[in-house]
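Subject: Structure for you, with notes on helices and rings

Hi there,

Here is the structure I promised to send over. Could you open it alongside these notes?

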Amino acid sequence: MCIVCFVKALVHVFKIYLTANYTYNFRSWPVDFRWDDVGARAGGSSHRALTCTAAAAGVWLLQDAALGGGAPGRPLHRSRSQLQCLLQQIRELPGQLASYALAHSLGRWLVYPGSMFLMTRALLPLLQQGQERLVERYHGRRAKLVARDGNEIDTMFMDRRQHPGSQGRGLRLVICCEGNAGFYEMGCLSAPLEAGYSVLGWNHPGFGGSTGEPFPQHDANAIDVVIKYALHRLRFPPAHVVIYGWSIGGFTATWATMSYPELGALVLDATFDDLVPLALKVMPQSWKGLVVRTVREHFNLNVAEQLCSYPGPVLLLRRTLDDVVSTSGHLRPLPSGDVEGNRGNELLLRLLQHRYPAVMAREGYAIVTRWLRAGSLAQEASFYARYHVDDDWCLALLRSYRAHCEDRQEDEEVWGPHGLAFPWRVGQGLSSRRRRQLALFLARKHLKNVEATHCSPLEPEDFQLPWRL
């Protein structure tokens, strides 16, 4: 009995030592890079102006109409508008307090369970092992970054530039944005790392060695300093930087590419268009009003809106066995091939509608919606072949349109870091058959099916760079 007690006590002491070694050492770690180490002139990004509130919190966040933005320039009588505003604020105060309480308690734990102390303690041995593996096997370099809001961001960098491989993959840097329970020590960076790329991983505020709380504003501040660190300290050209977001990491990934449009490419894996439908799926129906308000005011992860603001190459990875980002009414696990409720479908539709509005009108939108129901590679190929899509004709049409716009060069504002800016007018005047073919071609180039569940590690061969015209 004493031997058993001794072993239990030894295990307890060892766990305490691991906790102290993992967190205390990093707390005393010197700061390697700060967000203001780069001057405004060398920032290299086109951030919009901040409001007073946003400037105090940090970087700029995209706010949509769902947050209550009114139409600018609408004349109102000052006294009447002030009185109405005061009465409206009084009426909304109970709802605001309830929303705030939900967001800072149960809401944060549901949206970002990895920030819970108990989960960190439970995963501590795995985090320690993962960190040692990255350092010993891949010569990882840990660094502490300080964001605009003062949060310290824990990062790990694996440099492959000295040995880039036959395809030169090591010359590209993949910045990995983890999910809501992911850490760089054991997260999505394993796929690009094993595929031969240079990789930079970082932990959300409140995750692992990072300080703070993982609200959208703090997450945006964190990825902002990570991007600056990659460009100005690690010295990667913007065109060689690829942003890879898994699950809820799609929010920070799309924020990064929206705010730094000169970055080379974006890969989104098992992510969603908007958090509201997923939140409503797991919360009681009677809470709908409170849930919508809480998400919009405190967790407005408007991934699709941010995605449409990036002009560069994009690849969406849709996992066919994913029940986390699906709003289908089936009981878990999802039947094999049931992808109709996957929120990645809406992400693709929003992206194509923004970039190719003429192609995605009527027949184009309908055919892509039907194509998205294909839950396997065989079904996808069969559907594609049924419409006799001519890849060579589609490529020739797109290249001809781009060359025609380059020859005209009427407006310099339509050109960006990736060439001709979106939206494109290509597809006007096409027959219904040709529009369907072009829509299917574009959909297949922007979305790839992967037969895996939401939390399954992505295979290195499934990590690919997006298609470029």
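Below are some notes on helix packing and aromatic pairs.

Please keep in mind that this is a predicted model, in which local features need pLDDT of at least 70, side-chain atom pairs count only at pLDDT 80 or more, and totals for chains, interfaces and linings use all residues. Residues are numbered from 1 along each chain as its sequence is written, and side-chain values use heavy atoms, leaving out hydrogens and water.

Helices first. They are DSSP runs of H or I with at least four residues, strands are runs of E with at least two, and both are numbered from the N terminus. Axes are lines fitted to C-alpha atoms, for helices over the stretch in contact, with angles from 0 to 180 degrees between N-to-C directions.

Helix α11 (residues 344-355) packs against helix α15 (residues 432-446) at about 125 degrees, and their axes are 11 Å apart. That angle makes α11 oblique to α15 (under 35 degrees is roughly parallel, over 145 roughly antiparallel, 65 to 115 roughly perpendicular, and the rest oblique). In contact here (heavy atoms within 4.5 Å) are Leu 348, Leu 351, Leu 352 and Arg 355 of α11 with Leu 442, Ala 443 and His 446 of α15. By class, that contact has 5 nonpolar, 1 polar and 1 charged residues; Ala, Val, Leu, Ile, Met, Phe, Trp, Tyr, Cys and Pro count as nonpolar, Asp, Glu, Lys and Arg as charged, and the others, Gly among them, as polar.

Now the rings. The structure holds 14 aromatic pairs, meaning rings of Phe, Tyr and Trp (its six-membered ring) with centres within 6.5 Å; planes under 30 degrees apart are stacked, over 60 edge-to-face, and the rest tilted. One of them is the tilted pair of Tyr 401 and Trp 424, at 5.4 Å centre to centre and 40 degrees between the planes. Tyr 401 lies in helix α14 (residues 391-408) and Trp 424 in the loop between β10 (419-420) and α15, so the pair ties together parts 23 residues apart in sequence. Tyr 401 is buried, with a relative accessible area of 18%, and Trp 424 is buried too, at 6% (buried is under 20%, exposed over 50%, partly exposed in between, with a 1.4 Å probe and protein chains only). Ring pairs also link Tyr 356, Tyr 401, Phe 422 and Trp 424 into a cluster.

Best wishes
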